[in-house]
Amino acid sequence: MLWKATAINGGPTPLHDLDVTVPIPSSTRYVEGSAAPLTLGKTRILPRFSFDGGRNFGFAPLKKRVVTTEGGRRLEKEVEVRPDEYTHVRWSIPTLDARSKAEVTLRTRVR
């Protein structure tokens, strides 16, 4: 499935610090590499990802801490989050000019 989100500034002045966030439906999984960077003028905006329901965002690859038991010992270690665990994708736009728009896309597949 292809998802598109468009931020439109129809006003006479620029918008600042705009986040375009696309939630990934729970019935689907994010397709790795499908959220392309957004280019606005000379600004290139990389997507950031969340795996915790949109509370925290970071650039891929994301890391998380997990607790495991090995040889009877409790160990905490850092592991890479799989892209199919992502719950949201966000592009943070520093400035969206007056009377302009920005379109972002990503792909998911049905579980």
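Guide: Three strands form an open sheet in the order β1-β10-β3, with antiparallel pairing. β1 and β3 (28-30) are at the edges with a single partner strand each, so one side of each has no neighbour in the sheet. This is a predicted model, in which local features need pLDDT of at least 70 and side-chain atom pairs pLDDT 80 or more, while totals for chains, interfaces and linings use all residues. Residues are numbered from 1 along each chain as its sequence is written, and side-chain values use heavy atoms, leaving out hydrogens and water.

Visitor: How do you know that β3 pairs with strand β10?

Guide: Two strands pair if DSSP finds at least two bridges between them, and 3 bridges join β3 to β10 (residues 100-110). Strands themselves are DSSP runs of E, at least two residues long, numbered from the N terminus. Within β3, Thr28 stands opposite Val110 of β10.

Visitor: Why is Thr28 called buried?

Guide: Buried means under 20% relative accessible area, using a 1.4 Å probe and protein chains only, with exposed over 50% and partly exposed in between. Thr28 has a relative accessible area of 4%, and is therefore buried.

Visitor: What makes Asn9 count as buried?

Guide: Asn9, which is found in strand β1 (residues 2-9), has 5% relative accessibility and therefore counts as buried. Contact means heavy atoms within 4.5 Å, and, not counting residues up to four places away in sequence, Asn9 touches several residues, including Pro14, Leu96 and Ser100.

Technical notes:
Helix = DSSP H or I, 4+ residues; strand = E, 2+ residues; numbered from the N terminus.
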